[in-house]
Amino acid sequence: MTLRKTAGHSGRKLVLFFVHAARMSSLALQSLSWIFLAPFRGKPIRWGATFVQMVRIGVESVPIVSVISFCVGLIIAMQAAYQLERFGATIYVADLVGVSMCRELGPLITAIIIAGRSGSAIAAEIGTMKVSEELDALQTMALNPIGFLVAPRMIAMMVVVPCLTVIADFVGIAGGFVLAISNLKIAFIAYFNQTAEALLAKDFITGLVKSFFFAIIIAQVGAYQGFNVQGGAEGVGRSTTTSVVVSIFMVILADLMFTMLFYSTL
Amino acid sequence: MTEPIITVRDLHTSYGHRKILKGITLDIYPRETFVILGRSGCGKSTLLRHLVGLNKPDKGQILIKGIDMVTASEEEQNALLRKMGLLFQNGALFNSMTVGENVALPLMEHTPQESSTIRIMTRLKLGLVGLSGFENFMPSQLSGGMKKRAALARAITMDPDILLCDEPSAGLDPIVAAGIDQLILKLKTALRMTIVVVTHEMASVFMIADRICLLHDGEIKFLGTQAEMRQSKDPYVLQFIERRADDENLDPDQYLQDLMAE
């Protein structure tokens, strides 16, 4: 009996997983068509709302992204120096900080901060609108909620997250810089040259490509969870939490796949 | 007789296994005020949501100006919706926008007018519902009655042919509720619209209705004019008019069984 119960339970979960996956892909396709196709069919993008979102998601996140990346840069530099000191190779701290920030940590930290800060906001906003019938009101005014709400947020994300990633990369490297100059007594110019030599354009560009796709994931998960709200305030809370958990999970999975694609030695 | 503007044929719908509407058939004619009456949970709001395509029926036809709302393409539906206004039960104003922006939104999105023209039209509509000077207020700063009136202004910004109102007087004190009814009557004469009102308030029914449809358990119990309703001998209609509660049938054995049931 318990076996059957367990099998039934996990079967239902599995089916539910595929249902969610299918619905989410359909939402993603619709959003992309509202961004890339609809403008040619006489349904212009709402640039005003898009800029508002860019400010909310991007400009307002600059301080927190900077502070956290700076700290992460410092941390990596300290950990690296601790190991490299034994070999008298502390100058390589520059390589380590530069490459790991640009390839991995810059995009990843930015994505996680934005998922927590803005992905959740998208879920909560759309969810609250669903609960208070505002989504229905949009529809009865012949306005499509995806075109009206999701498209501006998604465009804003796609533009702003790579920009924030660039900031995170540079501020993180600056963090390593500060530690190297103050603690490791490495000359300013030596550290600078070492970083410039270690970094390839590929490191930087793959990071940006990743962050662009992270942006799509965060916007889509947020919007999907918002549309999926059931019930009242409690439902909004649950969907908001789920949006953060799911988008961080999916960002890390995507990161794994991109790393395999770009750097796999297998 | 003129052609009906809204035609509903054999409409069936359900939430899960629970049947909500069981074969509704009715016609609504241009420029009449049609009231859908019934107790809470009888499916009257659901019927209204079907008229604007928010819900899809299990079976049946809904023709608006001759176009089937169920099978129409998105373009056709949108064209129809632009000429319809829906007043939601709780207003459903966009809380992130000011009252003025709420009212202006359909104009901004669907018409090529200059923003100065839109501003004038917005003030005009707000004036019609008695809210001039409130365009810069947020919906959260308004009282319940004012929210309803602002929502009504938004519903009529596109000068619709059909105005649908979901319980316009629910949750309002009798004086404000009567004010909303007056407003509906005023709009009807000023804008020559077809008005469909869902309600359970007998007082407002007799104030505004041309024809009345009484729903009970997803079926039409009565359909006719006010005078016909007053003369009706149907016990359920009488019970509704006289505001009598259901007779309490207490079967002790059944009650005990319900309590003890697993």
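These questions and answers walk through a predicted model with chains A and B.

Reader: Is A:Leu164 buried or exposed?
Author: A:Leu164 is found in helix H6 of chain A. It has 27 C-beta neighbours inside 10 Å. The cut-off for burial is 20 or more. So A:Leu164 counts as buried.

Reader: Which residues is A:Leu164 in contact with, leaving aside its neighbours within four places in sequence?
Author: Sequence neighbours within four places are set aside here. The contacts that remain for A:Leu164 are A:Gly58, A:Ser61, A:Val65, A:Thr110 and A:Ile114.

Reader: How far apart in space are A:Leu164 and A:Ala174?
Author: In sequence, A:Leu164 and A:Ala174 are 10 residues apart. In space, C-alpha to C-alpha, they are apart by 15 Å.

Reader: Where is A:Leu184, and is it buried, partly exposed or exposed?
Author: A:Leu184 is found in the loop between helix H6 (145-182) and helix H7 (188-198) of chain A. It has 19 C-beta neighbours inside 10 Å. Burial needs 20 or more. So A:Leu184 counts as partly exposed.

Reader: Which residues does A:Leu184 touch, not counting residues up to four places away in sequence?
Author: Residues up to four places away in sequence are not counted. A:Leu184 then touches A:Ala81, A:Thr90, A:Val93 and A:Leu179.

Reader: Is A:Lys185 buried or exposed?
Author: A:Lys185 has its place in the loop between H6 and H7 of chain A. Its phi is near 55°, a positive value in a residue other than glycine. Within 10 Å there are 8 other C-beta atoms. A count of 12 or fewer marks a residue as exposed, so A:Lys185 is exposed.

Reader: What is the phi of B:Asp217?
Author: B:Asp217 is found in the loop between strand S9 (211-216) and strand S10 (219-225) of chain B. With 15 C-beta neighbours inside 10 Å, it counts as partly exposed. B:Asp217 is not a glycine, yet its phi is positive, at about 50°.

Reader: Which residues have the most contacts inside the largest nonpolar core?
Author: Nonpolar side chains tend to be buried together in soluble globular proteins. The largest nonpolar core here has 123 residues. Those with the most contacts inside it are A:Met157, A:Ile218, B:Val35 and B:Leu164.

Reader: What is the bridge partner of B:Tyr15 in S2(B)?
Author: Strand S1 (residues 6-15) of chain B and S2(B) pair in the antiparallel sense over eight bridges. In S2(B), B:Tyr15 has as its bridge partner B:Arg18.

Reader: What is the radius of gyration of chain B?
Author: Chain B has 10 helices and 10 strands. With 262 residues, a compact globule would have a radius of gyration near 18 Å. The value for chain B agrees with this: 20 Å.

Methods: Residues numbered from 1 in each chain as written. Chains lettered and ligands numbered in written order. Predicted model: local features only at pLDDT ≥ 70, side-chain atom pairs only at ≥ 80, totals over all residues. Helix = DSSP H or I, 4+ residues; strand = E, 2+ residues; numbered from the N terminus. Contact = placed C-beta atoms within 7 Å. Core = buried A, V, L, I, M, F, W, Y, C linked by C-beta atoms within 7 Å. Rg over C-alpha atoms; globule rule 2.2 N^0.38 Å. Pairing = 2+ DSSP bridges.
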